[in-house]
Amino acid sequence: GSSALRAANDIQQPNDLDSWWLPFTANKSFKTNPRMVSRAKDMYYYTPEGKPVIDGTSGLWCCNAGHNRDEIVSAIQTQAQELDFAPGFQYGHPLAFTAASRIAQLAPADLDHVFFCNSGSEAADTALKIALAYWNVKGQGQKTRLIGRERGYHGVGFGGITVGGIVNNRKFFGSLLAGADHLPHTYNREHQAYSKGEPEWGAHLADDLERIVALHDASTIAAVIVEPMAGSTGALPPPKGYLKRLREICDKHDILLVFDEVITGFGRLGYAFAAERYGVVPDMITFAKAVNSGTVPMGGVICRKHIYDAFMSGPDNVVELFHGYTYSGHPLACAATIATLDIYQRENLFERTRAIEARWADAMMSLKGLPNVVDIRTLGLVGAVDLAPNEHGPGKRGYAAIEKGFHDYGLMLRTAMDTIAVAPPLIAEDKHIDEIIDKLGRLIRDVA
Ligand code: PLP
């Protein structure tokens, strides 16, 4: 039965660690001392030996409902028996429509149309392509410039790395797309250190968009894309008023605004989308990850009515947008999405996150004063601790935290160089938060 199978899985170790080339990982060190998990339930992973590892990162910012929830598991199982695959090109299946409708209902204002893909990277590239095509169908095909932001992350496609602002993700990959530009990032330690939530300082940094418009002219600019909270470069909350200011400048110059909500979507900041938290309506929202709690690859772009409508004014029987993926709206991903959104709703996980945000912020700030801690940031159920680099160079202390955290403390973390980021599943109870903070505190002392 399944428990016998589970026991077998617990002791199963692969003989060959060589064949898999791990993504965004130091493969050589990993393979000398692997950090391996083979099972998960709710707030915990388990190693093949059966040792629990508390999930401080929702996997990779995705398992917001906690792991292996029975309802989601059985929805996937049932769907696999019923309909394994259905093409989305020229054919449809009911669950894709239902999933799109459920997602659209969660999005603010007239963000009503959902284009499905399979990851955050595809979502970013899809949004950028829709922006370019939008201006084409509107007869303004000269609006091609894409504006991102320093320290931004929009996945690893050519569009995403072009507007992204992480040098290592860009410098090895040639000249990227032509004509992009970048806003400055919004982090300033001197003015913002140890802020809980949105820092007071920094809204004026949105005005740099005026400088970029003055340089290139709005007639050449298609879209601005930003993460409401920059996640991958160490959780940088937006300064108070910053996103509103960006929206105003985009409106003034007829530039589309895209929020990349791959991390912030589905409750991470206490709302279905950060757009709602900030009272700002972007023209498109990208999502992935927590849409189905990380269970089946799924991403997408939610578009406002005017975007969708612009494409629908041509003749019938003609493809309106030459874009899509074999697995757009995959039945298993859609089934998992509907079951996940049911859980978010029934357990009020977004509201719950709002309710525990203050306690979480206090818990994170209790780490202030530990060795080498130079800043702490919090937002929603996200926290980040900046550590000073050690004598071996930038990133080494962060890497030691990952290794020691896993092997010595049974704690899963994310790091960006020497910044430790934590973002537990939204089902985390007080005892889990205490366990994470306690382990993190001891770990920070260990890597001193
Ligand atoms: N956009 C943002 C804001 C992200 O945080 C990520 C991944 O962390 C992505 C895009 C890329 O998503 P994926 O890894 O699913 O391609």
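Modeller: This is a predicted model. The mean pLDDT of the protein is 96, and 97% of the residues score at least 70.

Biologist: What makes pLDDT a guide to reading the model?

Modeller: It gives the predictor's confidence in each residue, from 0 to 100. The protein averages 96 on that scale. Where pLDDT is low, the predicted coordinates should not be read in detail. For the complex, the predictor gives an ipTM of 0.99 and a pTM of 0.97.

Biologist: How many helices and strands are there in the protein?

Modeller: The protein has 17 helices and 15 strands.

Biologist: Why is the protein called as compact as a globular protein of its length?

Modeller: The globule rule takes 2.2 Å times the number of residues to the power 0.38. For 448 residues the rule gives 22 Å, and the radius of gyration of the protein is 22 Å, so the protein is as compact as a globular protein of that length. The C-alpha trace spans about 60 × 55 × 45 Å along its principal axes.

Biologist: What makes a residue count as buried, and what percentage of the protein does?

Modeller: A residue is buried if 20 or more other C-beta atoms lie within 10 Å of its own. By that test, 48% of the 448 residues count as buried. As for contacts with a separation of 6 or more, 71% of them join residues 24 or more positions apart.

Biologist: Into which domains is the protein divided?

Modeller: Domain 1 covers 2–65 + 348–446, and domain 2 covers 73–346. Their centres, taken over C-alpha atoms, are 26 Å apart.

Biologist: What makes two residues a contact, and how many residues does each domain bring to the contact between them?

Modeller: Two residues are in contact if their C-beta atoms lie within 7 Å. Domain 1 contributes 29 residues and domain 2 contributes 29 residues. On the side of domain 1 that touches domain 2, elements supplying at least two residues include helix H3 (58–61) and strand S11 (373–379). H15 has the largest share of that side, 7 residues. By class, the side has 17 nonpolar, 6 polar and 6 charged residues.

Definitions and conventions: Residues are numbered from 1 along each chain as its sequence is written. This is a predicted model: local features need pLDDT of at least 70, side-chain atom pairs count only at pLDDT 80 or more; totals for chains, interfaces and linings use all residues. Helices (H or I, at least four residues) and strands (E, at least two) are DSSP runs, numbered from the N terminus. A residue is buried if 20 or more other C-beta atoms lie within 10 Å of its own, exposed if 12 or fewer, and partly exposed in between; C-beta atoms are placed from the backbone. Domain bounds come from an automatic or database domain assignment. Ala, Val, Leu, Ile, Met, Phe, Trp, Tyr, Cys and Pro count as nonpolar, Asp, Glu, Lys and Arg as charged, and the others, Gly among them, as polar.
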